[in-house]
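Hi everyone, thanks for coming.

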Amino acid sequence: MSGPHSGPVPSPPASPAPEGPATDGRPPWWRTNTARFALIAAVPVLGLLEPRLGGAMLIAALVAVWRAKSWPKAGKVVTTVAAMALLGAVLPDPPKDAAADAPRPPRRKAVPTASASATPSMPPLADFRGQSLETAFDQARQVGFQVNSHDASEKDGFVRGRSRWTVCFQATSWTGREPTVEFGAVLNGAPCPKKDGEPIPWPKMPDLVWKTWRTARADVVALGVRPTHIQARAAYLNDTLPEEGEYDDWRVCSHDPATGTPVQPDHWAELRLTAEKNGCPEGDRGTSTPAELPDRDDDGDPDYRDPYPRDRNRTSAFPNGIPRLDGSGGSSGGSSGGSGSGGWSPCRHTRWC
């Protein structure tokens, strides 16, 4: 029974909606599309530096993408596949039976292992030593082998870009029920070490002193140095090389790298030359200490190629005399001060010529 004041009971006022993290209606920066794309772009970069960092960044990027309410499901799926493909493109090929976070297994030396009597016979496999690692990898996989590879030098670095490596060693064994081949490789252009894991035996610069330019240059090219990386210089400070091809019989006084230095294909070599009749600088044979040839008239033109060694106003470049500043011509005859009158000549009043 209702009382005199009976009626509908008023409901309590609704609680105010909680405020978001941003009071101006914009989402925080970590929920923006710019931040999501930045996380995706960081996946391959960190994957190159360290595979584990790339995997962690992939997880963070996927969480940010799938929590985006404004993105359609199809867009999230496409973005997920793209991010995983970017990471997979930069990761090295791990062994098939190795866990993703397992430490790197010890390097297998390329020594053939004897199989147990119960093990099936090893399938035939071609000898890929001296060939591209990419060719060896593809063909070994085609005949049913599981393929592993490693740096055969003492550096034991990661092998990336199989087309850039050459096989030096190979060994076959059984891994479970699968035949496995292990390739030891070096970067293209490098010689193979004597044993797997030893330093690369780069060729060393021979003693080239007093060899002709033609012979010495051929010796350096034989080491594997590119011909464009071999330069000629005059051994004397006041000497000048003639045109290319005219100093083939000049002699080497010194060279850089020095004798006994390991030389690689991308290194540069400089050979310092002198005309045979001049000889090398006294006391500096085989070094790079600069010296000068005799120049009696002190005109910068060494006596051996100066047609007027006692006339400082006439050189091999100016046989008729160095031109005067007043335009009245040069000297004639054997005079050191020039002929004619009028005007001031630096060759007559100074030691500039």
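Let's start with Cys253 and Cys280, which form a disulfide with their sulfur atoms 2.0 Å apart. Keep in mind as we go that this is a predicted model. The torsion about the S-S bond of this pair is about -100°, so the disulfide is left-handed. Where do Cys253 and Cys280 sit in the chain? Cys253 is in strand β5, residues 251-256, while Cys280 is in the loop between β6 (269-274) and α6 (346-349). That puts them 27 residues apart, so to speak on distant parts of the chain, and the pair links those parts. And are they buried or exposed? Cys253 and Cys280 are both buried.

Okay, how many disulfides does the structure hold? There are two. The other one to look at joins Cys168 to Cys192, and here the S to S distance is 1.9 Å. Turn to the S-S bond and you get -85°, a left-handed link between Cys168 and Cys192. Cys168 belongs to strand β2, residues 165-175, and Cys192 to the loop between β3 and α5, so this pair ties together parts that are 24 residues apart in sequence.

Now, why does Cys168 count as buried? Because its relative accessibility is 7%, and the cut-off for buried is under 20%. Cys192 comes out at 36%, so Cys192 counts as partly exposed.

Next, please find Ile200. You'll see Ile200 in the loop between β3 (178-187) and α5 (213-222). Ile200 has 21% relative accessibility, so it counts as partly exposed. Which residues does Ile200 touch, if we skip those up to four places away in sequence? The list is Ser153, Glu154, Val186, Ala190 and Pro191. Take Ser153: along the chain, Ile200 and Ser153 are 47 residues apart, yet their C-alpha atoms are separated by 6.0 Å.

Rolling a probe the size of a water molecule over the atoms shows where empty space is left. The second largest pocket here has a volume of about 370 Å³. It is lined by 16 residues, and the closest to its centre are Lys155, Leu187, Ala190, Ile200 and Trp202. What kinds of residues make up the lining of the second largest pocket? Eight are nonpolar, four are polar and four are charged.

Note on methods
Residues numbered from 1 in each chain as written. Predicted model: local features only at pLDDT ≥ 70, side-chain atom pairs only at ≥ 80, totals over all residues. Heavy atoms only, no water. Helix = DSSP H or I, 4+ residues; strand = E, 2+ residues; numbered from the N terminus. Buried < 20%, exposed > 50% of the residue type's maximum accessible area, 1.4 Å probe, protein only. Contact = heavy atoms within 4.5 Å. Disulfide = S-S within 2.5 Å. 1 Å grid on protein atoms, 1.4 Å probe; cavity = no way out; pocket = protein on both sides within 12 Å on 5 of 7 lines; lining within 4 Å. Points joined across faces, edges and corners; volume = space filled by probe spheres on them. Nonpolar A, V, L, I, M, F, W, Y, C, P; charged D, E, K, R; others polar.
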